[in-house]
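User: I want to learn how to read the packing of two helices. Where do I start?
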Amino acid sequence: VHNAGQTYHQTGEYVKAMELYQEFLSTARTTLGYEHRDVAIMLKCIAQIHHEKKEYEKAMELYTEALRIGRITLGDEHPEVASTLNKIGNLYCERGNYDAALKVYQEGLKVEQSVLARGHPNIIVTLTNIAQLHWHKSDHTAALWHYREALSIQQEFLGKYHPEVAKTLGNIGLLNYKRGHYQCALFIYKEAFLIYRSLYGDNHLDVAATLNSIGLVLFKQGVYDVALRSFMQSLRIRQQLLGEG
């Protein structure tokens with residue numbers, strides 16, 4: 001029932017998914033009791049549907065109950081607890097409550113770092129989420145630290161030539177650009193460009209986007225001829241891939 005519910009959930013068939021989740025939850029409560037890990041997991045699944053439907057208050061109520069039961073049955077330091085914390089952080093983010101989101105993400109990160117391997121993708125996602133929140137709050141130093149920590153893990157476990165590495169470099173480059181650190185931004189954007197080109201060749205939208213970013217930095221530095229060449233290269237790739245319109 002749970003697996004069938006997940007299948008319907010993933011395809012956006014919320015009514016069918018909810019029916020199966022509720023059936024599993026009722027059975028679990030009857031046979032296992034109200035405070036069992038399977039109950040916590042199912043509450044989180046139901047909360048996710050409400051979350052995706054933007055029924056935030058109901059989602060938060062269920063996430064909170066899932067977290068409470070998860071901590072009782074699994075302990076404070078467990079991947080399932082970290083997962084629920086991150087769901088709550090995502091919900092706070094979507095509602096614009098960035099201080100609360102940051103606090104919950106930091107709590108989730110602490111759990112992840114204690115129970116997951118250093119290279120686990122969830123740690124990278126949480127570090128990136130925290131970096132983005134610090135950026136939103138204009139705490140650029142903290143944002144940069146978390147981006148660099150994510151980058152270090154990605155380079156160690158994914159290798160230096162990986163699209164996720166290039167993406168994080170792009171975020172670091174943009175942060176430096178916004179701060180007016182143009183030379184640093186240029187260096188980092190060029191590094192991202194080399195990765196994208198080595199992975200995808202010359203004609204790819206990520207290559208074009210990075211060339212445009214390089215052009216913006218060069219323009220700010222007053223190197224207008226080189227900036228124009230970078231913009232034209234970016235435009236040519238986009239026109240080739242997307243058409244003239």
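Analyst: Two packed helices are described by the angle between their axes and the distance between the axes. This model is predicted. Here, helix α9 (residues 163-178) packs against helix α10 (residues 182-200) at an angle of about 160 degrees. Their axes lie 8 Å apart.

User: How is α9 oriented relative to α10, roughly parallel or roughly antiparallel?

Analyst: Roughly antiparallel, because angles over 145 degrees count as such. The crossing of α9 and α10 is left-handed.

User: Which residues make the contact?

Analyst: On α9, they include Pro 163, Val 165, Leu 169, Ile 172 and Tyr 177. On α10, Tyr 182, Ile 188, Tyr 189, Ile 195 and Leu 199 are among them. By class, this contact has 17 nonpolar, 3 polar and 2 charged residues.

User: Now the whole chain. How many helices and strands are there?

Analyst: The protein chain has 12 helices and 0 strands. Its C-alpha trace spans about 70 × 40 × 30 Å along the principal axes. Of the 245 residues, 41% are buried. Take contacts between residues at least 6 apart in sequence: 53% of them join residues at least 24 apart.

User: Which residues does the "repeat: TPR" annotation cover?

Analyst: The unreviewed UniProt entry places it on residues 82-115 and 208-241. Compare each span with the model. Residues 82-115 are 91% helix and 0% strand, with end C-alpha atoms 9 Å apart. Residues 208-241 are 91% helix and 0% strand, and their end C-alpha atoms are 10 Å apart.

Key: Residues numbered from 1 in each chain as written. Predicted model: local features only at pLDDT ≥ 70, side-chain atom pairs only at ≥ 80, totals over all residues. Heavy atoms only, no water. Axes fitted to C-alpha atoms, helices over the stretch in contact; angles between N-to-C directions. Helix = DSSP H or I, 4+ residues; strand = E, 2+ residues; numbered from the N terminus. Parallel < 35°, antiparallel > 145°, perpendicular 65-115°, else oblique. Left-handed = near helix turned anticlockwise from the far one by under 90°. Contact = heavy atoms within 4.5 Å. Nonpolar A, V, L, I, M, F, W, Y, C, P; charged D, E, K, R; others polar. UniProt positions renumbered as here; feature names shortened; annotations may be inferred. Buried < 20%, exposed > 50% of the residue type's maximum accessible area, 1.4 Å probe, protein only.
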